[in-house]
Each structure stands twice: as C-alpha cells, then as structure tokens.
Amino acid sequence: MKIQRKGQAGTMQSSDLMVIVEPADGLVIEIESTVKKQFEHLIRARLEQVLAKHGAEGARISVNDRGALDYAIEARLETALRRAGGLS
Amino acid sequence: MIADLIAPADIDAARTLIEACGLAFQPGYDDLVGVHEQGSLVAVGARAGRVLKMLAIAPAQRGGPLLGEIVSALVARGIEAGFDALFVFTKPAYAAAFEALNFTLLAAREQAVLLEFGNGLKHWLAAHSDGQHPGRNGALMIDGLTFSASHRRLIESAAGRVDHLYLFATAEDCRQQMADGVRDLINVVVLDLAQYRIDTASFPTYFLKVSDPVEKIRTELDATLFATRIAPFFGIARYFTGTADDAAARAIQAQGIAVCAISTPPPGDSQ
C-alpha cells in the first residue's frame, strides 16, 4: 500500500503516542520515546508488524511515544496510515 | 477539551492567564487554543507558524495532562499546516516539561532555550550531508541584501585560510547571488540555515521581560545553536567575522571554535 499524503493520529498525553506518516523513499521508522532506552526495540517490532500486515511502503513513520501500550500503538498507526491514504 | 479562543472575552481570559504565569501576551499567531474547566480558562497556548508560544497552565493544574493536551493540539495543527518540525522558545526552567513531551533541546543559554518537536534538525543535516568535507573548515556569515565585490574579496581571503569555507547568507536574495558569485571557488560551499538561524522575526519574546536585553539573548541563542549543532557537522573550527568582540563571537568562541577577525582586503590584494 502506497502512502499518498501526510497523516497523523494520537496525542502527546501520558500513555499515548503521536504517529505521523508521510510519503518517503523506502520505509523509515523514527522513534522518540520517554522509555526509548528500555522499549524502543519492542515499539519498533510492533510498528513493523502493523506495517507488514498492511504492506505499507514508501513512508516515513515518526512516532512520539509517552509510554503507550501495544494496542494503542497499533490503533494510532493504523489510523495514521488510513489518513495518509495507505489503507482502504 | 481544546477550544479555539477567538471571542474578545476568551482572548482577554487568555491574556490574564498568560500574564499570571509571568509571561507576556504577544499578538501575532495562527492558533490560540485553551482548555476550560468549570467555566474558567485553565490552560492556553498559541502557534505562530512553526513556533509554539505563550503556553500557560493555571498553577493549581500544573503537573497534570493539560500541557500535553495543549501541545498535542498545537503540534497537530502545525503539522497539518505543513511544518515537519515545531519550535518552542522558552525559559530554561520549562525545558524539562517539554523534554518530557519528546521535544529535543537544541540550544540553551541562561535566559532562553530552544526546543524542537520532530527530527527537523536531523533531517536538515542529513539533507546537507553532501556538503560535508573533511579538513579544518571555516564559516563566514554574509549580512546584507546584495553580494558585492568586497564580499568576494572577503570570501577569497577567508577561503585561503581553511580547507573548506562555508558561507551563510542571511537574506535569500543574497544567497543566490552569492552562489553564482563564488561558483569558481572550489573550496567554498554556500548553505542556507533556513529555520536554524534564529532571526528577529522568528524569535518570540513573550517569556522575556521588557527590561531584558532581547537582542543579546537572541544573538547568543542563535550563535550557540550554530556552534553546538551546525558547526560540528561540517567540521567548522574557525569562525570569520568582522567584529570579533560581539555577543555572537563570544558565544561561538565559548564552544571551542576559533574566532578570526577578518577585514575586507583592498581591491587587487586578493591573491
């Protein structure tokens, strides 16, 4: 699925995350998190799983996380992808 | 819930809250939003282009979710307006509150800090990585609206003293003329600092007192941003300037970059 425009979802509230999806070459994931040291690899794995599930490509995914749980990460990313035209 | 503050009564309430937090109400913004609780305004914040400003939370509500709520709304609108990164200029005491929201501290001085949301600087540097050259390099800022013959002599003189010379024009018109004017100088690179040059127009003063030396604070913050974030990326070890003893030069020197006074050589003396 091709990303067509910029899309965002979520907030910077505690236990939430803000996801920004925009068109780019390849697939780039950038993560900022208040728990980056401990959990960056788990957040990345979860994001990659969701991206793979939808076959997303040609996107930069910028994530600002404040300690969100898995299901929030999944929901915010899917919403941002949908707004970016990458999901039908 | 976030509300746009548009009615005069709402704007007055915003001004009162902002002033109660020791800040000044500074007109000139794209968005002014707030959160009400039981009929009264408890949080407020504004966005002017890529700059968030006048963020104020009622004392009784601090430490809660309100700052995150206001900043989320303003960042979302800024991104929608096409900015990939957003700035906050504020008092050093508030830096930690924004860092907790994943803002990155770009520059800090005694009276002002600059934080960024998003990886704007990282992306800017990556986009200019083809301008990276090894060696002992120098930097020269060119002020003024036109590129003149004396600029050219100044550049030649500075370029002869370093491996590569990075030129920064402060005005867009001048930048193009400069790029054309130095095309034949192989060790000169022209760069545009874009939003990473803090100029008078982009620097908000809402967190400063009227009696503060605003221009000095802005200049030092700008010089610190340059010396700590931009210069190391390009291997800049020398900073050429005509006025080696001003606030900018001192701030740059404090970061370990040699400040070299330079004056325009007379015509015919450029070799």
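Predicted model: local features only at pLDDT ≥ 70, side-chain atom pairs only at ≥ 80, totals over all residues.
A search of the whole structure finds 21 salt bridges over all chains. In chain A, A:Asp70 and A:Arg46 form a salt bridge whose closest N and O atoms are 4.0 Å apart. This pair ties together distant parts of the chain, with A:Asp70 in helix α2 (residues 70–83) of chain A and A:Arg46 in helix α1 of chain A, 24 residues apart. Side chains of opposite charge can pair when their charged atoms come close.

Four strands of chain A make up an open sheet, ordered β1-β2-β4-β3, with mixed pairing. Its edge strands are β1 (7–10) and β3 (27–33) of chain A, each of which pairs on one side only. From one strand to the next, the twist averages 10°. Helix α1 (residues 36–53) of chain A packs on this sheet and touches β3 and β4 (59–65) of chain A; the direction of helix α1 makes about 145° with that of β3(A).

A:Gln8, A:Met12 and A:Gln13 supply 37% of the area that chain A buries against chain B, more than any other three residues. Which charged or polar pairs are found between chain A and chain B? The count of salt bridges between chain A and chain B is zero, whereas nine residue pairs are in polar contact across the interface, both residues being at pLDDT 80 or more.

Chain B holds an interface of its own, between its domains. The chain is divided into domain 1 (2–118) and domain 2 (132–261), and the centres of domain 1 of chain B and domain 2 of chain B, taken over C-alpha atoms, are separated by 30 Å. To their contact, domain 1 of chain B brings 22 residues and domain 2 of chain B brings 19 residues. Together, domain 1 and domain 2 of chain B bury about 1,900 Å² between them, 62% of it on carbon and sulfur atoms. Of the area that domain 1 of chain B buries against domain 2 of chain B, B:Phe89, B:Arg109 and B:Gln111 supply 35%, more than any other three residues.

B:Arg109 also takes part in a charged pair. Its side chain meets that of B:Glu220 in a salt bridge (3.3 Å, N to O). Between domain 1 of chain B and domain 2 of chain B, the count is one salt bridge, and nine residue pairs are in polar contact, with both residues at pLDDT 80 or more. Strands β4 (51–57), β5 (86–90), β6 (104–108) and β7 (113–117) of chain B each supply at least two residues of the side of domain 1 of chain B that touches domain 2 of chain B.

A further sheet lies in chain B. Five strands form this open sheet in the order β10-β9-β8-β11-β12 (chain B), and the pairing is parallel. Because β10 (188–191) and β12 (258–261) of chain B stand at the edges with a single partner strand each, one side of each is left without a neighbour in the sheet. The twist averages 30° from one strand to the next. Strand β8 (residues 137–142) and strand β11 (residues 236–241) of chain B run parallel, joined by four bridges, and B:Asn137 stands opposite B:Ile236 in β11(B). Helix α5 (residues 149–159) of chain B packs on the sheet, touching β8, β9 (165–169), β10 and β11 of chain B; the direction of helix α5 makes about 165° with that of β8(B).

Definitions and conventions
Residues numbered from 1 in each chain as written. Chains lettered and ligands numbered in written order. Heavy atoms only, no water. Pairing = 2+ DSSP bridges. Axes fitted to C-alpha atoms, helices over the stretch in contact; angles between N-to-C directions. Contact = heavy atoms within 4.5 Å. Domains from an automatic or database assignment. Buried area = accessible area lost by both parts, 1.4 Å probe. Polar contact = N/O pair within 3.5 Å; in protein donor to acceptor, adjacent residues only side chain to side chain.
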